[in-house]
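Here are a few exercises to work through with the model open on your screen. Try each one yourself before reading the solution.

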Amino acid sequence: MGRPRAFCAETALDRALEVFWRKGYEATSLSDLTEAMGINRPSLYGTFGNKEELFRRALDRYVRGKEAHLRAALDQPTGRAAVERLLLDAAEALTDPEHPAGCMAVQGALTCSEASECLRQELDGYRVAQQQIVRERLERAAAAGDLPPGTDPAALAQLVTTLIHGMSVQAAGGATRADLEAIVHAALLFWPP
């Protein structure tokens, strides 16, 4: 029988998430993780497995939190209002001073090499799932007559999520919330009338 843990696994996971978010998977060392998490390597391995498994758990935690916000934004009464809320919420989240700038999933995918191809595919899967949620909301908008006839909800969802991913890159490069909100307002000028 081993000794009980002397640390909170949830807090340690949150700290690991922040490190992966800020540095990316490959640039994050085990020393970075153990220092941020306040644990030693045997505790990291014993609780979370290896670095790749820790990243997967951190990504899952991140995705679950983001998906709840995504679904709440898309509960707006019209497709346009839902997309506007989604984009404005993204502008806020991507520049939240309490976290690294940008999106962990976008930044992580941009920094993965061939050696981390399986993780890049998981990150891509997250973005595809996000796009599918937006698509489903826009399909409901089209079915309700909230979008003009002939509007392609799939293409519109791809446009919206591509905009969010671009906003993530901009935020990671130093764009402010006001900068991103200006992008949102400019993009909404092209919303189907």
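**Exercise 1.** How are α5 and α7 oriented to each other: roughly parallel or roughly antiparallel?

*Before you start.* You're looking at a predicted model, where local features need pLDDT of at least 70, side-chain atom pairs count only at pLDDT 80 or more, and totals for chains, interfaces and linings use all residues. Residues are numbered from 1 along each chain as its sequence is written, and side-chain values use heavy atoms, with hydrogens and water left out.

*Solution.* 
- Step 1: find helix α5 at residues 79–94 and helix α7 at residues 117–143. Helices here are DSSP runs (H or I, at least four residues), numbered from the N terminus.
- Step 2: take the axes, which are lines fitted to C-alpha atoms over the stretch in contact, with angles from 0 to 180 degrees between N-to-C directions. The two axes come within 9 Å and cross at roughly 155°.
- Step 3: apply the cut-offs: under 35 degrees is roughly parallel, over 145 roughly antiparallel, 65 to 115 roughly perpendicular, and the rest oblique. So α5 and α7 are roughly antiparallel.

**Exercise 2.** Which residues of α5 and α7 meet?

*Solution.* 
- Step 1: look for heavy atoms within 4.5 Å, which is what contact means here. From α5 you get G79, A82, V83 and L86; facing them in α7 are V134, R137, L138 and A141.
- Step 2: sort this contact by class, and you have 6 nonpolar, 1 polar and 1 charged residues. Ala, Val, Leu, Ile, Met, Phe, Trp, Tyr, Cys and Pro count as nonpolar; Asp, Glu, Lys and Arg as charged; the others, Gly among them, as polar.

**Exercise 3.** Is R127, the salt-bridge partner of D124, buried or exposed?

*Solution.* 
- Step 1: D124 and R127 have their closest N and O atoms 2.2 Å apart.
- Step 2: both lie in α7, 3 residues apart, about one turn of the helix.
- Step 3: R127 has 16% relative accessibility, so R127 counts as buried.

Note on methods: Helix = DSSP H or I, 4+ residues; strand = E, 2+ residues; numbered from the N terminus. Salt bridge = Lys/Arg side-chain N within 4 Å of Asp/Glu carboxyl O. Buried < 20%, exposed > 50% of the residue type's maximum accessible area, 1.4 Å probe, protein only.
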